[in-house]
Amino acid sequence: MAGIQKEKIDLFFQKMAERCPGLTGTIYVTGGAALILYGIPRMTDDIDFEIPEGLSEEKIMAVSKEMRIPVQFGTDIERWGMTSLSGYREQAKLYKSFGKLVVKIVDPLNLIAPKLSRFLDRDIEDVNVLIKNFKISRHQLLEHLKQVYDRSPVSIEKGLFRNQVAQFLKDYQQELWSRQEPLPPWLTVLK
């Protein structure tokens, strides 16, 4: 499959707005579709997004079926995993309005956190591209990831997230920021 293009994502949200003309609210796009809307080439076959309360799931699924685009959605994307996000709604970037629906793109730092939590090869590629394209400093990244870590509930996933952030820094900080620095205290485990 060739993946979804930006124009097809726009058409999807346009059709959603047409099917729900009286509904106002904000949709937050995340995942691979968010990268595409930011202009970063990415192969993805679905659209992940948060919907406002009251948006008809049946109408969303009807548009999904009609356009043959798989979708994943819910009313709170922060609850999609055990790793919390930090200010994703406030930091989201305005993309476009479709009727009375406003579409925003989850900010790069809040795209990075779940990708580091999953830690698949494709996710790590995306993290590197986001850091480079948005010129995210090591300090900005670590400050945000510390907030995410602190807000996340105690769980195996939280410890795994910490370890994967530490591994990412060990593997990529030289390439990304031209220096190798020690890990901050929150990323080290007492022995």
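Trainee: Which residue in β5 does K93 stand opposite?
Mentor: K93 stands opposite I105 in β5. Keep in mind that this is a predicted model.

Trainee: Okay, and how do β4 and β5 pair, parallel or antiparallel?
Mentor: Antiparallel: strand β4, residues 93-98, pairs with β5 over five bridges.

Trainee: What sits between those two strands?
Mentor: There are two residues between β4 and β5, and the strands form a hairpin. In the turn, G99 has a positive phi of about 65 degrees.

Trainee: What about β1 and β5, is their pairing parallel or antiparallel?
Mentor: That pairing is parallel, with five bridges between β1 (residues 25-30) and β5 (residues 101-105). Within it, Y28 stands opposite K104 in β5.

Trainee: And how many bridges join β1 to β2?
Mentor: Three, and the two strands run antiparallel. Strand β2 covers residues 47-50. Y28 turns up here too, with E50 as its bridge partner in β2.

Trainee: Let's change topic. Where is E78 found?
Mentor: E78 is in the loop between β3 (71-74) and α4 (88-91).

Trainee: Is E78 buried or exposed?
Mentor: E78 counts as buried, because its relative accessibility is 19% and the cut-off for buried is under 20%.

Trainee: Which side chain does the E78 side chain make a polar contact with?
Mentor: That would be the side chain of R151, at 2.7 Å.

Trainee: One more residue: where is L176 found?
Mentor: L176 is in helix α8, which spans residues 156-177.

Trainee: Buried or exposed, this L176?
Mentor: Buried, since L176 has 15% relative accessibility.

Trainee: What does L176 touch, again skipping residues up to four places away in sequence?
Mentor: L176 touches N128, I131, K132 and F168 on that basis.

Trainee: And how many Å apart are L176 and R19 in space?
Mentor: They are 44 Å apart, C-alpha to C-alpha. Along the sequence, L176 and R19 are 157 residues apart.

Notes: Residues are numbered from 1 along each chain as its sequence is written. This is a predicted model: local features need pLDDT of at least 70, side-chain atom pairs count only at pLDDT 80 or more; totals for chains, interfaces and linings use all residues. Side-chain values use heavy atoms; hydrogens and water are left out. Two strands pair if DSSP finds at least two bridges between them. Helices (H or I, at least four residues) and strands (E, at least two) are DSSP runs, numbered from the N terminus. Buried means under 20% relative accessible area, exposed over 50%, partly exposed in between (1.4 Å probe, protein chains only). A polar contact is a pair of N or O atoms within 3.5 Å; within protein, one must be able to donate a hydrogen and the other to accept it, and residues adjacent in sequence count only if both atoms are side-chain atoms. Contact means heavy atoms within 4.5 Å.
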